[in-house]
Amino acid sequence: MDEALLQIKDLQTVFRVGKQEYTVLHKLSFHVGKRETVCMVGESGCGKSVTTLAVMDLLPRNGRVTGGSIRLNGQELTALSRRDRGSLRGKKMGMVFQEPMTALNPLLTVGRQLTEGLLLHRGMDKAAAFQYARECLETVGISNPDERMRQFPFQMSGGLRQRVMIAMVLAVQPELFIADEPTTALDVTIQKQVLVLLSRLKKNMDAGILFITHDLGVVAEIADRVVVLYAGYKVEEGPVQELFQNPRHPYTRGLLSCVPNIDDDAAVIRAIPGILPNITEDIPGCRFHPRCQHAMDRCRKAVPGEFPCGGPGHYVSCFLEGGGR
Ligand code: SF4
């Protein structure tokens, strides 16, 4: 098999809290192919955003990567200097955040922010950059680009700002597009438009998309494959249809049972009992065991390995699949 666009192997990150460091990602491995959308799902605090920040080299000051590998098109990113990682961010990897104001500069016009990346990373002159930026705004469905180019971010709605962010990433044509809950703050109609836009980008740009969300409705709409995280561990991974029809990890089943079924009046929404442990809690064995109704003795003592299950490309980390009954 050709090397994937993004290949993450045994990635380990720690965060310092007070004087101690705690592991947040535990030997995480997965990949994203070209023209593929991989959705990473799990409750808030499970490690989804930390994964994207580790890939982008944007971890906060109290966090760091302590092991494993992050390869983009075969190039090992963890071996690069901060400066080289920074330049890759503009050219080969782009990220859209949940709240675009965290990434947009409130003091600069949208036009200035859009053209800056083009002058810097694509070597365009001012006129060409302006024209191309205008086209990018049109591509993301902004109908009056000339007026928008002159505006500041605060003069726009949340949905428009999110489109501007996507246009900024699009403008530099990254190979890897990372979107961290990009539609959570948007109303349903705009959300739908942004998802359609991202799917189009994947097809037209040869890019791979890593999409972070806790919304399984969004996952069903755009994912090719799904990675399920729980408390910093990957617990299940598989093609979207296979995983939705045949979830094998008790946590994945719990997540799916929380999704309301509008076709079934009698459907009951079942929340997963208990809460996600915080990073300072030391839970031996499978970290899901305090919430798992199938927990056995060995689940409290050992961390389950990854076992193939169901169809091709479907893997689960649970003793129920590994001869533990
Ligand atoms: Fe539940 Fe054990 Fe599977 Fe963990 S390994 S999910 S505790 S059955």
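Which side chain lies 2.6 Å from the side chain of E237 in a polar contact? The points below take up this residue before turning to other parts of the structure.

1. This is a predicted model, in which local features need pLDDT of at least 70 and side-chain atom pairs count only at pLDDT 80 or more, while totals for chains, interfaces and linings use all residues. Residues are numbered from 1 along each chain as its sequence is written, and side-chain values use heavy atoms, with hydrogens and water left out.

2. The side chain in question is that of K234, which makes a polar contact with the side chain of E237 at 2.6 Å; the side chain of R225 makes another polar contact with that of E237, at 2.8 Å. A polar contact here is a pair of N or O atoms within 3.5 Å; within protein, one must be able to donate a hydrogen and the other to accept it, and residues adjacent in sequence count only if both atoms are side-chain atoms.

3. E237 is found in strand 10, residues 233-239, where strands (E, at least two residues) and helices (H or I, at least four) are DSSP runs numbered from the N terminus. E237 counts as buried because its relative accessibility is 6%, given that buried means under 20% relative accessible area, exposed over 50%, and partly exposed in between, with a 1.4 Å probe and protein chains only. Leaving aside residues up to four places away in sequence, E237 touches several residues, among them S29, F30, L243 and Y315, contact meaning heavy atoms within 4.5 Å.

4. An open sheet of 4 strands has the order 2-1-4-5, with antiparallel pairing, and two strands pair if DSSP finds at least two bridges between them. Strand 2 (20-32) and strand 5 (75-76) stand at the edges with a single partner strand each, so one side of each has no neighbour in the sheet. Helix 1, residues 48-56, packs on the sheet and touches strand 1, strand 2 and strand 4 (63-72). Strand 1, residues 6-17, pairs with strand 2 in the antiparallel sense over 9 bridges, and within this pair F15 stands opposite Y22.

5. A103 is found in the loop between strand 6 (93-96) and helix 3 (110-121). With a relative accessible area of 32%, A103 is partly exposed, and A103 touches F97 and M165 when residues up to four places away in sequence are not counted. The C-alpha atoms of A103 and R82, which are 21 residues apart along the chain, are separated by 19 Å.

Technical notes: Axes fitted to C-alpha atoms, helices over the stretch in contact; angles between N-to-C directions.
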